[in-house]
Amino acid sequence: MNYPANYKYTKDHEWVLLENGIAKIGITDFAQSELGEVVYVELPAIGKELQAGNPACVVESTKAASDVYAPINGKVASVNLELNDQPNLLNSDPHNAAWIFCLENISEVEIGNLMSAEEYSKLVHA
């Protein structure tokens, strides 16, 4: 799998894409492949303040329910409502259509401290 070079990554298999001061967040292709078929996504509440490293929401698959962690501090600005009807987007298009939530009031320095695509690829292929 090629991980988009303009994204940042966490050891917990979330990705972050910075767009116009907003951080778009989802799970990586590696994460979805480990989960198996995704059947439900519990989205975070809009307006909720998230702390880096704490659970933000839950993704349920046929194998297990797994927490998705906030990769950075911020306030939930929007959520991907398409995942309510199509949770399997996380399996078919994890790095594009299947973003989970966006954060505002973020620190670009925090994002800069996350892993590059190259570093993340080394982690999952070690």
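Leaving aside its neighbours within four places in sequence, which residues is Glu14 in contact with? The model is a predicted one, and in it Glu14 touches Lys8, Tyr9, Gly26, Ile27, Thr28, Val68 and Tyr69 once those neighbours are set aside. Glu14 belongs to strand 2, which covers residues 14-19. Although buried, Glu14 has no salt bridge. The nearest side chain of opposite charge is that of Lys11, 7.8 Å away, while a salt bridge requires a nitrogen within 4 Å of a carboxyl oxygen.

Six strands form an open sheet in the order 1-2-3-9-8-5, with antiparallel pairing. Strand 1 (8-9) and strand 5 (49-50) are at the edges; each has a single partner strand, so one side of each is left without a neighbour in the sheet. Strands of a sheet pair through backbone hydrogen bonds, either parallel or antiparallel. Strand 1 and strand 2 run antiparallel and are joined by 2 bridges. Within this pairing, Tyr9 has Trp15 of strand 2 as its bridge partner.

Next come the nonpolar cores. The largest has 28 residues, and the members touching the most others are Leu90, Ile100, Phe101 and Leu103. At least two residues of this core come from each of strand 3 (22-27), helix 1 (29-35), strand 4 (38-42), strand 6 (55-61), strand 8 (74-79), helix 3 (89-92) and strand 9 (101-104). Another core, of 11 residues, lies apart from it and includes Tyr7, Trp99, Met115 and Val124. The contacts of Phe101 beyond four places in sequence include Ala23, Ile25, Leu50, Ala56, Val68 and Val76.

Leu35 is in helix 1 and counts as buried because its relative accessible area is 11%. Away from its sequence neighbours within four places, Leu35 is in contact with Ile27, Val59, Ser61, Lys63 and Ser66. Its C-alpha atom is separated by 12 Å from that of Val68, which is 33 residues away along the chain. His95 sits in the loop between helix 3 and strand 9, and it is buried because its relative accessible area is 4%. Beyond four places in sequence, the contacts of His95 include Met1, Tyr7, Trp15, Ile27 and Asp29.

Finally, the charged pairs. Side chains of opposite charge can pair when their charged atoms come close. The count of salt bridges is 3. One joins Asp12 and Lys11, with their closest N and O atoms 3.8 Å apart; Asp12 is partly exposed at 35% relative accessibility, and Lys11 is exposed at 59%. Another links Lys24 and Glu19 at 3.5 Å, N to O, where Glu19 is partly exposed with a relative accessible area of 36%. Glu118 and Lys122 also form a salt bridge, at 3.6 Å. Because these two are 4 residues apart in helix 5 (residues 117-124), about one helical turn separates them. Both Glu118 and Lys122 are exposed, whereas Glu14 is buried and has no salt bridge.

Methods
Residues numbered from 1 in each chain as written. Predicted model: local features only at pLDDT ≥ 70, side-chain atom pairs only at ≥ 80, totals over all residues. Heavy atoms only, no water. Buried < 20%, exposed > 50% of the residue type's maximum accessible area, 1.4 Å probe, protein only. Lys, Arg positive; Asp, Glu negative; His and termini not counted. Contact = heavy atoms within 4.5 Å. Core = buried A, V, L, I, M, F, W, Y, C linked by side-chain atoms within 4.5 Å. Pairing = 2+ DSSP bridges.
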